[in-house]
Amino acid sequence: MKTIVKERIIKKSREYLYNKWTTKEGLNSFFSADNLVEIFPGGKYEIYFTKDLSVKNRGSEKCKVLSFIPNRVFSFTWNVPPQFKELRESEKFTWVVIEFIKADNNTLVRLSNIGYPEDEAWESVFKYFDKAWEMVMNSLVKSCD
């Protein structure tokens with residue numbers, strides 16, 4: 001299995017950054033146009049990139065919270081973008097682990113997107129998310145300035 005890892009050191013507390021990933025307001029500040037988050041194992045973790053309800057696949061529908069330790073780690077399932085129709089409809093998910101690691105007066109945020117099969121069909125999705133997670137992490141940093 002292949003993994004994407006992105007890290008940023010941010011001059012904010014672990015609690016502040018954890019709330020960015022686990023609250024409606026926090027997610028909307030850097031990642032989503034809207035979202036539905038239920039922070040309990042099996043709860044919804046749906047990130048919407050448009051508020052237009054007529055759009056069938058607005059984002060991470062059917063994604064779920066896997067686990068969390070407040071202010072330390074948070075994990076959730078992650079689906080395939082709609083442009084990869086066949087894989088999206090297969091309802092196969094990868095998973096994302098966000099770690100919040102104290103680093104002096106800063107926090108190291110480590111995003112690991114895990115579970116990409118060593119399969120040619122998944123290579124384009126892997127490349128897509130390698131770029132997309134880079135943009136998400138840059139947006140997170142910018143939202144903290």
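1. Buried here means under 20% relative accessible area. The model is predicted. Phe76 has a relative accessible area of 0%, so Phe76 is buried. Trp78, at 3%, is buried as well.

2. Aromatic pairs come next. The count is 19. One of them joins Phe76 and Trp78: the ring centres lie 5.7 Å apart and the planes meet at 70°, so this pair is edge-to-face. The cut-off for that class is over 60 degrees between planes.

3. Tyr116 and Phe126 also form an edge-to-face pair. Their centres are 5.2 Å apart, with 90° between the planes. Tyr116 belongs to strand β7 (residues 106-116) and Phe126 to helix α4 (residues 120-144), so the contact ties together parts 10 residues apart in sequence.

4. Phe126 has 14% relative accessibility and counts as buried.

5. Two lysines deserve a look. The charged end of Lys2 sits over the ring of Phe126, 4.1 Å from the ring centre. Lys12 lies over the face of Tyr16, and here the distance to the ring centre is 4.9 Å.

6. Now the hairpin. Strands β4 (residues 65-69) and β5 (residues 73-78) pair in the antiparallel sense, over 4 bridges. Ile69 stands opposite Val73 of β5. The hairpin has 3 residues between its strands, and Asn71 takes a positive phi near 70°.

Conventions. Residues numbered from 1 in each chain as written. Predicted model: local features only at pLDDT ≥ 70, side-chain atom pairs only at ≥ 80, totals over all residues. Heavy atoms only, no water. Pairing = 2+ DSSP bridges. Helix = DSSP H or I, 4+ residues; strand = E, 2+ residues; numbered from the N terminus. Phe/Tyr/Trp six-rings, centres within 6.5 Å; stacked < 30°, edge-to-face > 60°. Buried < 20%, exposed > 50% of the residue type's maximum accessible area, 1.4 Å probe, protein only. Lys NZ or Arg CZ within 6 Å of the ring centre and 35° of its normal.
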